[in-house]
Amino acid sequence: MTKRVISILLIIMLFISVPAFSKGESDEIGLIINGQKIECDVSPEIINGRTLVPARVIFDSFGAEVFWNDSLRQVVVSTSASVIIFNIGSKIAYVNGVAFNIDVAPVIMNGRTLIPVRFISERMGYDVVWNGTDRTVNITSSKVIVRDEVYDKIENEKTDNEDNNNYDESSKDIRTQLRQLTVTNNDDTCYVKVSFSQKVIPNEMRLSSPDRIVLDFENVNQICKDEKIDFEDSDIIQVRWAYHDDYTRLVIETNQKLDYTLKYTSTSCTVVIEKENVDKPVSDNKTEQPSGDEDVTDKEIIDKDVIFTPPILDSKAPIIVIDPGHGGYDAGAVGRDDSGEIVIREKDANLTISLKVEKRLKSDGINVVMTRNTDKALGTTVMEDLVTRAEIANRVGADLFISIHNNASENSDATGTSVLYPGLANSGGYGITSKELAQNIQNPMAEATGLKDRGIVESPEMVVLKRTKMPAVLLECAFVTNEGDRAVLLSEERTDAIADAIYKGIVNSLRTMGKVK
């Protein structure tokens, strides 16, 4: 018996003396993006035979924007072409509202989200190569050209020429800088995005024999040689650009006359070319105009006034900004029936409820400013869209900001109503805190829906909440992914009750603020 105990103790000591198996440096997976080795705090991992890579590192490297929704445990990625949503633990990802199966669910490791590299290759058009010899993942964007900034170029010229006294100091600021040109050629759409140091509106032309879209960007620095990108087996034959004395010319050559639009941000112009649409009438100038503004000029398109024209308000009445979440290309969450068919989109439910709240507040003589009253986005990226909503509220000097949303979960049993608020922010001098506003709306809204009362939730990182100056809340009226909640959202009577409840919570808050009697 004693010998047996001693043997067991020796075995235990042997295990203690030998370090537990851990991944050594040689076992770590390296990451190379566009030819450059990337050092990241969490390296790629192999799970169930599939390689997962850190989402933020990947998308940051390709100029996309990444947002984390803690309440939904959700990663939202905004690129020039898509809005992609990953849910932690779910094998379904959404691209522009369309669901795609992925072979392994995203995970969180050491505070970082890892996503399957195969999805990046199949759905986003990046080239992904696994090198088993040195255990590296090599990711390249298929057609990305990045230009040096003009000041770097000028400094190099100064160094090269200073002995010859050829350097002209005044050349530093003569023109706009072209910072990046990205071409994404998908099966149905081609995106050509040109980024600058400031606003640039091109002169447009359509030429034939061969068919070409021609854009001239005036007063853009010629800092690089002329270049071109050729495509095989594509409606897009070639994308080329040349630098001239006082302008940069971008030419997109196609195999037929294709329809296109131009989309602007304050520092970029994106050409969106729709393929295989020869039966559609094509105009010679397809600059995208915001709905309802048919006479807007090219220069005005990038200004915020096109998205939002300040309304004439009653100076004696309080101002409420109602923000129907999502819109346009961003469908938000979607609800599906048992057959997988989409029966409700969050953006539509948000707008339906918001318009009803607007009507009730206006009937009381309260100023209401809607961030949107149609199905449209307020920016070409998720971040631009969110920031614009907060800017609208700040611009009109709103007393309260109410963002109306609906929730979603991979667990179809998840149900209920909640209101998010930004902690102690946005409260000074308004006579009410965001937390108090949240509770004033949550109580009647939970009663009106008849759904589970999930309470109020502090969410200081929500963009529309932390960027607004006034008390602000974000409502999650119901879950589009729950059958019972969907029935509430699809019912005229129940959405009327939700709108009544939100209206009541707003008015009670205004009464606390001394804005109404």
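With which residue does Asp496 form a salt bridge? In this predicted model, in which local features need pLDDT of at least 70 and side-chain atom pairs count only at pLDDT 80 or more, while totals for chains, interfaces and linings use all residues, the partner of Asp496 is Lys356, and the closest N and O atoms are 2.9 Å apart. Residues are numbered from 1 along each chain as its sequence is written, and side-chain values use heavy atoms, with hydrogens and water left out.

Asp496 belongs to helix α11 (residues 492–513) and Lys356 to helix α6 (residues 346–363), so that the pair ties together parts 140 residues apart in sequence; helices (H or I, at least four residues) and strands (E, at least two) are DSSP runs, numbered from the N terminus. Salt bridges that share partners join Lys356 and Asp496 with Arg360, Glu492 and Asp500 into one network, a salt bridge being a side-chain nitrogen of Lys or Arg within 4 Å of a carboxyl oxygen of Asp or Glu. Lys356 is buried at 11% relative accessibility, whereas Asp496 is partly exposed at 25% (buried means under 20% relative accessible area, exposed over 50%, and partly exposed in between, with a 1.4 Å probe and protein chains only).

The whole structure holds 11 salt bridges. In one of these, the side chains of Asp216 and Arg249 meet at 2.7 Å, N to O, and this pair links strand β18 (residues 211–218), where Asp216 lies, to strand β21 (residues 247–254), where Arg249 lies, across 33 residues. Asp216 is buried, with 9% relative accessibility, and Arg249 is partly exposed, with 26%. A salt bridge also joins Glu253 to Arg240, with 2.9 Å between the closest N and O atoms; Glu253 is in strand β21 and Arg240 in strand β20 (residues 236–243), 13 residues apart. Of this pair, Glu253 is buried at 15% relative accessible area, and Arg240 is partly exposed at 24%.

Strand β29 (residues 417–421) is largely enclosed by the rest of the structure, because five of its five residues are buried. Thr417, Val419 and Tyr421 point one way from this strand, and Ser418 and Leu420 point the other way. Strand β29 runs parallel to β30 (residues 453–458), to which four bridges join it, and antiparallel to β31 (residues 472–479), to which three bridges join it; two strands pair if DSSP finds at least two bridges between them. Within these pairings, Leu420 stands opposite Val457 in β30, and Ser418 stands opposite Glu476 in β31.
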